[in-house]
Amino acid sequence: MRVLFYNHTGQVSGAEYLLLMILARLDRARFQPVVLCPEQGPLQQRLKELDLPVVTVAGLDARFTFRGDQLFRYLKSFVHVVRDVRRKVIEANPDLIHANSIRAGLVATAATFNLKTRVVWHLHDLLPRHPLSTLIRAYAFLSSRARMIAVSRAVADNFCGSFSVLQSRVKVILNAIELDRFQPDAAAGKKTRDQLHLGAGDLLIGIVGQLTPRKGQLELVRAFARVVTDMPNAILLIVGAPLFNRDQKYAELIQTAIKELGVEATVRLTGARSDIPAVMQALDLLVVNSTVEPFGLVALEAMACNTPVIAALSGGIPEIIEHNWTGWLIPPGDEAALADAILYLGRRPEVRCKLTVQGQNHVASYFAADRYLADLEAFYGSICDQRAIAGENSALGQTEAARFA
């Protein structure tokens with residue numbers, strides 16, 4: 001089966017890390033992958049390292065907005081990209097298109113109008129409250145060729161919204177990680193802590209992910225200012241960089257808050273890092289402070305590394321973490337609760353130990369890459385089986401019509 005993977009951006013964040021895992025492990029005896037993505041950004045280089053055929057396509061500039069001038073500009077970009085993708089799809093002639101985002105799904109479905117190509121939308125995001133979200137749901141409903149994979153039940157329910165009939169076309173396949181990359185490694189953790197000039201008695205709290213408002217780094221800095229007053233041995237590590245939209249301004253707000261709160265000596269901004277497993281090994285606590293979290297891949301990575309997780313209860317997080325068993329849950333947007341949770345767990349190594357043991361067992365049992373690929377490949381197969389049955393029925397109908405003509 002020839003599968004065309006389409007990513008609307010050349011940047012690499014959570015959705016792209018999952019895509020790279022899929023492409024690295026996909027059964028090449030059954031599936032022939034081709035990747036379509038923009039040239040700008042590091043994704044193409046990562047794909048070439050996997051020895052995959054890569055086709056360049058125009059980048060999509062489209063965001064949710066209420067401004068008419070911006071909507072017009074985004075519509076022009078959408079039309080331009082649809083035309084470009086259509087040309088590339090006709091050249092590649094795939095059996096199936098795997099569109100790695102809602103935006104990619106919109107483009108791929110429009111680009112394959114009248115081509116009868118099945119399109120899988122990989123739903124990584126929660127749609128915001130916006131008139132365009134209703135139009136997107138209606139568009140997905142009207143396209144009989146579109147099927148959806150949701151990274152969590154929360155994402156599936158959000159995407160379907162009031163269009164309950166879409167539920168039958170959405171398959172929930174919970175995300176997974178490569179367990180061999182994220183394993184407890186005391187030596188790697190000590191090396192990272194030494195590089196950060198940390199002592200054995202320092203409590204290292206980390207947050208890992210792109211710098212963007214929905215990830216809640218700014219609120220964590222404010223909560224940490226309360227923590228360090230009672231726990232002066234605490235250090236906060238902020239790992240990540242701004243990638244999209246106005247995220248650079250958000251990064252500047254974080255830096256300003258650090259200075260105004262007087263915690264420059266205990267908060268460290270590392271920027272983006274390629275050694276995330278080693279960072280996880282060094283942490284005493286990982287914080288996932290998102291107000292909107294479709295899944296929470298970084299939580300799985302920490303749990304696999306035996307690092308306990310404090311997470312805001314939003315989106316798909318409760319599908320990963322059970323409070324006080326595989327992790328610690330707090331209300332989203334509650335800085336006081338976040339500070340209290342850090343202080344509570346920071347002072348109780350025995351509770352952290354329980355969370356690490358149960359968390360690692362949970363990830364190993366339910367979130368391994370092998371399980372994920374088996375589910376995904378079975379889903380691909382079911383789509384092609386449906387297409388084959390539909391083709392046979394159509395041919396049979398034509399034969400019967402000919403007999404009675």
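Trainee: What hand does the β-α-β unit made by β11, helix α11 and β12 have?

Mentor: This is a predicted model, where local features need pLDDT of at least 70, side-chain atom pairs count only at pLDDT 80 or more, and totals for chains, interfaces and linings use all residues. Residues are numbered from 1 along each chain as its sequence is written, and side-chain values use heavy atoms, without hydrogens or water. Helices (H or I, at least four residues) and strands (E, at least two) are DSSP runs numbered from the N terminus. With the strands pointing away from the viewer, a path from the first strand over the helix to the second that runs clockwise is right-handed, and the unit of β11, α11 (297-304) and β12 is right-handed.

Trainee: Which residue of β12 is the bridge partner of V287?

Mentor: Strands pair if DSSP finds at least two bridges between them. β11 (285-288) and β12 pair in the parallel sense over 3 bridges. There, the partner of V287 is I310.

Trainee: And which residue in β13 stands opposite A311?

Mentor: β12 also pairs with β13 (328-330), in the parallel sense over 3 bridges. Opposite A311 stands L329.

Trainee: Are the β12 side chains buried or exposed?

Mentor: Side chains in a regular strand alternate between the two faces of the sheet. In β12 (309-312), V309 and A311 point one way, I310 and A312 the other. By relative accessible area (buried under 20%, exposed over 50%, partly exposed in between; 1.4 Å probe, protein chains only), all four are buried.

Trainee: How many of the 12 residues of α12 are buried?

Mentor: α12 (335-346) is mostly covered. Among its buried residues are L338, I342 and L345.

Technical notes: The expected span of a helix is 1.5 Å times one less than its number of residues.
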